[in-house]
Amino acid sequence: MDKILVLDFGGQYNQLIARRVREQHVYAEIRSFRAPLGEIRGEGYRGVIFTGGPNSVYDPAAPRCDREVLHLGIPVLGICYGCQLMAHLEGGEVASAGSVSEYGKTELCRAESALFEGVPEKSVCWMSHTDYVKRVPDGFRVIGTTEHCPAAAIADESRNLWGVQFHPEVMHTEFGREILRNFLFGICGCAADWTMEDFVNASVCRYKEELAGKRVLCALSGGVDSSVAAVLMHRAVGDRLTCVFVDHGLLRKDEGDLVERTFREKFNMNLIRVNAGERFLSKLAGVTEPERKRKIIGEEFIRVFEDEARKIGHVHVLVQGTIYPDVVESGVGDAAAIKSHHNVGGLPSVVDFDEIVEPLRTLFKDEVRAAGLELGIPYDLVWRQPFPGPGLAIRVLGEVTEEKLAVLRECDAIFREEIAAAGLERTTKQYFAVLTDTRTVGVMGDARTYGCTVALRAVDTDDFMTADWSRLPYEVLAKASNRITNEVRSVSRVVYDITSKPPATVEWE
Ligand code: XMP
């Protein structure tokens with residue numbers, strides 16, 4: 001399997017670069033700029049991509065890799081800061097662009113070169129820089145320019161060193177995909193043969209060997225990430241894996257049973273389901289403040305897990321479903337380790353184990369889903385929309401009670417059914433019902449009612465950092481509203497949330 005190394009200098013698009021490479025079925029690994037030369041040489045990479053980064057190469061604290069990375073005979077593509085660093089390390093000159101810094105869409109004028117095969121002479125690229133390569137190093141030539149950047153793309157073809165000041169990985173660069181493909185296939189000679197099956201098989205082989213004879217514990221939330229991590233680990237260590245599924249009683253309708261059935265029956269896994277609903281509800285009694293609810297649930301989750309872990313005794317390995325976006329953005333230095341510790345949410349101090357294994361830490365969310373399908377996890381589980389850890393407790397406004405949860409479960413199930421019936425499950429990223437603490441007057445038959453108000457929320461988003469409310473067809477909303485008020489007796493009014501994030505958040509609490 002051919003591999004590309006994405007050497008991370010702290011740029012905001014480092015993840016995106018790896019993802020773009022993997023989209024071409026070439027495996028990409030992101031490593032810190034500190035990765036030792038010997039390790040880079042030993043891994044047999046077909047090519048290296050230097051990412052962008054926020055620093056100037058002249059900044060004493062600027063991240064730098066060993067200059068010899070450029071001399072290993074492996075093709076290198078430097079992007080933005082990566083391009084400037086390449087020029088700097090090879091004796092060129094980098095300077096501040098000052099008032100002519102470019103940001104945003106810019107016209108790129110390219111020369112003939114292997115990197116620009118199939119790219120028109122003029123096209124749009126995405127620029128974001130304050131420094132630029134003022135003088136190219138000996139042996140390099142300019143292969144692309146923009147209005148303010150005389151060396152927007154540079155190359156030393158004889159040594160296979162390539163640099164672009166712009167960002168080919170972002171969608172705004174019109175021919176970015178072609179440029180990356182040219183690097184991967186034309187220049188590095190990679191074969192497009194990486195598949196999720198390879199990832200799964202290689203991981204299973206690796207953990208079979210590394211964890212031979214060890215006892216493994218996994219906290220299963222029923223969410224996509226921990227489910228995929230558990231099934232992958234089960235394939236590697238079989239019965240030596242025990243999963244603890246803490247059902248906090250705040251899941252959606254039938255959800256706990258679905259999780260249990262899937263793992264116990266389909267995968268025949270050692271599963272301990274802890275029905276801790278009452279325990280959580282008693283802790284939540286009288287609590288109305290959202291942050292307090294979250295804290296209580298988080299803490300109680302650990303306590304329940306701790307109780308179960310104590311019964312199991314010493315385990316060698318704790319499995320975590322950490323995925324790449326959970327790893328701190330900068331990726332520079334030791335950030336990854338800090339976050340994985342943070343993610344554990346306190347478990348290590350109370351659970352008796354020797355090491356943590358995070359089998360999905362190099363994958364993006366959609367890759368995790370693909371791995372899940374590869375492992376035979378049912379489609380419905382793999383494609384479930386995100387669901388917050390505190391569950392329905394933050395969708396029942398005010399105090400959480402079993403009665404309110406029951407009402408919300410029904411409303412939410414109806415809304416989900418209608419979204420599914422309209423074929424919108426995959427296009428609408430998250431959709432749910434919220435039980436507000438407002439009662440309103442209604443009329444049913446000839447009688448006056450005074451019932452609950454339910455809000456429906458649906459959003460479109462790429463990353464959940466920002467989101468727009470979904471323009472759901474009126475018919476879907478009408479059907480959901482009609483069914484909710486008819487089928488759930490205590491609800492007399494349904495409203496639809498038309499607020500984007502920001503200023504609102506996706507969840508109501
Ligand atoms: P907000 O409400 O912050 O939500 O706009 C963004 C995304 O994060 C989910 N979310 C959570 N997930 N624990 C979680 O695991 C939480 O406490 C939590 N709060 C919000 C939310 O469902 C949405 O997908």
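Colleague: Buried means under 20% relative accessible area and exposed over 50%. So which is isoleucine 312, buried or exposed?

Modeller: This is a predicted model, and in it isoleucine 312 has a relative accessible area of 18%. That is under the 20% limit, so isoleucine 312 counts as buried.

Colleague: Where is isoleucine 312 found?

Modeller: In helix α9, which covers residues 290–312.

Colleague: How much of the protein counts as buried?

Modeller: 54% of the 509 residues. On contacts, among those with a separation of 6 or more, 74% come from residues 24 or more positions apart.

Colleague: Let's step back. How many helices and strands does the protein have?

Modeller: There are 15 helices and 20 strands. The C-alpha atoms fill a box of roughly 85 × 55 × 40 Å along the principal axes.

Colleague: What domains does the assignment give?

Modeller: Domain 1 runs over 3–187, domain 2 over 196–382 and domain 3 over 401–496.

Colleague: Take domain 2 and domain 3. What separates their centres, and how many residues are in contact?

Modeller: Their centres, taken over C-alpha atoms, are 30 Å apart. Seven residues of domain 2 are in contact with eight of domain 3. Together the two domains bury about 670 Å², of which 49% is on carbon and sulfur atoms.

Colleague: Which three residues of domain 2 supply more of that area than any other three?

Modeller: Arg252, Lys253 and Leu281, which give 66% of the area domain 2 buries against domain 3.

Colleague: How many salt bridges and polar contacts are there between domain 2 and domain 3?

Modeller: One salt bridge, and four residue pairs in polar contact. On the side of domain 2 that touches domain 3, the residues divide into four nonpolar, one polar and two charged.

Colleague: What does lysine 253 form a salt bridge with?

Modeller: With glutamate 410; the closest N and O atoms are 3.3 Å apart.

Colleague: Changing topic: why is helix α3 described as largely enclosed?

Modeller: Because eight of its nine residues, 81–89, are buried, the helix is largely enclosed by the rest of the structure. The buried ones are Tyr81, Gly82, Cys83, Gln84, Leu85, Met86, Ala87 and Leu89.

Colleague: What comes just after α3?

Modeller: Glycine 91, which takes a positive phi of about 95 degrees.

Colleague: Last one, aspartate 247. Is that buried or exposed?

Modeller: Aspartate 247 has 8% relative accessibility, so it counts as buried. Aspartate 247 is in strand β13, residues 241–247.

Colleague: What does the side chain of aspartate 247 reach?

Modeller: The backbone nitrogen of glycine 249, at 2.8 Å. Not counting residues up to four places away, aspartate 247 also touches Gly256, Arg273, Val274, Asn275, Ala276 and Gly277.

Methods
Residues numbered from 1 in each chain as written. Predicted model: local features only at pLDDT ≥ 70, side-chain atom pairs only at ≥ 80, totals over all residues. Heavy atoms only, no water. Domains from an automatic or database assignment. Contact = heavy atoms within 4.5 Å. Buried area = accessible area lost by both parts, 1.4 Å probe. Salt bridge = Lys/Arg side-chain N within 4 Å of Asp/Glu carboxyl O. Polar contact = N/O pair within 3.5 Å; in protein donor to acceptor, adjacent residues only side chain to side chain. Nonpolar A, V, L, I, M, F, W, Y, C, P; charged D, E, K, R; others polar. Helix = DSSP H or I, 4+ residues; strand = E, 2+ residues; numbered from the N terminus. Buried < 20%, exposed > 50% of the residue type's maximum accessible area, 1.4 Å probe, protein only.
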